Amino acid sequence: MYMNQYISDNKERFINELLDMLRIPSVSADPKFKGDVLKTAEFIKSKLEEAGADKVELCETAGYPIVYGEKIIDESLPTVLVYGHYDVQPADPYELWESPPFEPVIKDEKIYARGACDDKGQMYMHVKAFEVMMQNSALPCNVKFMIEGEEEIGSKHLSDFVRDNKEKLKGDVILISDTSMLANDVPSITTGLRGMSYVEVEVTGPNRDLHSGMYGGAVANPINILCQMIASLHDEHNHITIPGFYDNVEELSQEERAEMGRAPFNLENYKKALDLKDVHGEAGYSTLERTSIRPTLDVNGIWGGYTGEGAKTVIASKAFAKISMRLVPNQSSAEITEKFQRHFESIAPAGVRVVVKPHHGGEPVVTPTDSVAYQAAARAYEEAFGIKPVPVRSGGSIPIVAMFKSELGLDSVLMGFGLDSDAIHSPNESFGIFNFMKGIETIPLFYKYYAEMSK
Ligand code: BES
Ligand code: MN
Ligand code: MN
């Protein structure tokens, strides 16, 4: 196809532009990168303009701006709303990176940098796919871009923006590349995302740090207590013990589970890739089920007391933990946060005080596979990869997707091109050149089939 010629002719430039963007450390969680996050927004604004988008602007929010741009070729044609994010996770711990996280390198046909896959690489495929369609007079419908800078910290201001700009964001479907596929020879389309409740807990014992000999044994040690409390949140079957946690959890039928089980998955390779002797999780469910259709509770960080060189004999006054719960359909983030809080406070012994601070949350989603948009995406993958894609529910979360449905009434198509081995959020994040280029090739096919099938 003529578009593929343009793509291969411009491959080097496409990659170099992505590398330029990856050099800007757009870490939204850390205010010290504020200038760089804003610079990244400017970068995307200018690339959208160069590619031919109209009305390109930075929509200011109380946080980081949303990059908006559009190309309306005919009001009577459908409109695709592209969503992506230009912020990235913190790169810590830096010492575990083989090359610096914001000095991208290409090794073994992969780009290594923070954000290479999540989501700068995947988001930029859409900017380049748009350029490809514009340059080949092949944009078959309208398109609007909204690229935000706060996904990794909960998309708070984007939800306000969506609520306040329903007319501006009027469209027919949301298109997102911020998920993964099973393998390069097993393309898949994500049909579900888990929701999230995120909390921080603080356990306070004595009013000051104490000598662990003088007081040890006689007062509650907040670190010991926190560990006991956290350990009690799972039972011997790895079920979560918070009362009512599983109320309403969607139970899949045996047929649906059998269907899911047909997705190619090799447990031995999975263990090998992670250097694990065995996997671990809720009794009665497979690994794929545990990471998609089942809710979870995980400690993301835990601290307190003395962690410096050598030994210090001390009973700390306070201990802390950050805890995430991944939610599945019919669980509500607000309700789960409340249940966690009530339970966690109730299991604290009288010798400590407990404070639970809720952070961000988000609702789970399942996207339809019988929609025109899903069918168009499936045809696009089949044509680009030569194989029919399989639908899979993912374990990750993109909280704004449920809001797109509730506020704009729009379903999302999650056309991800990453791989689990891309190590997003981890040291040495990468994105395959094959995946980046395949994405740029597949996206215009989606537009083509979506426009055609919408007639
Ligand atoms: N792109 C990910 C979500 C994702 C990754 C979905 C892989 C499916 C497969 C996104 O950037 C992310 O990391 N989301 C956070 C959400 C949170 C910060 C509210 C997550 O899942 O932890
Ligand atoms: Mn992402
Ligand atoms: Mn992420």
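Biologist: Okay, donors are N, O and S atoms within 2.8 Å of the metal (3.2 Å for Na, K and Ca), and water is not among the atoms, so sites may look incomplete. Which residue bridges the manganese ions, ligand 3 and ligand 2?

Modeller: That's D118, and the two ions lie 3.6 Å apart. Keep in mind that this is a predicted model, where local features need pLDDT of at least 70, side-chain atom pairs count only at pLDDT 80 or more, and totals for chains, interfaces and linings use all residues. Residues are numbered from 1 along each chain as its sequence is written, chains are lettered from A and ligands numbered from 1 in the order written, and side-chain values use heavy atoms, leaving out hydrogens and water.

Biologist: What are the protein donors of ligand 3?

Modeller: D118 gives an OD atom, E152 gives two OE atoms and H425 gives NE2, at 2.0 to 2.6 Å from the manganese ion.

Biologist: And how are those donor residues spaced in sequence?

Modeller: For ligand 3 the pattern reads D-x33-E-x272-H. E152 and H425 link distant parts of the chain, 273 residues apart. E152 is in the loop between β6 (142-148) and α5 (156-164), while H425 is in the loop between β19 (418-419) and β20 (430-432). Those labels are DSSP runs numbered from the N terminus: helices (H or I, at least four residues) and strands (E, at least two).

Biologist: Switching to helices: which residues of α2 meet α13?

Modeller: K11, F14, I15 and L18 do, and they meet I433, F436, M437 and I440 in α13, where contact means heavy atoms within 4.5 Å.
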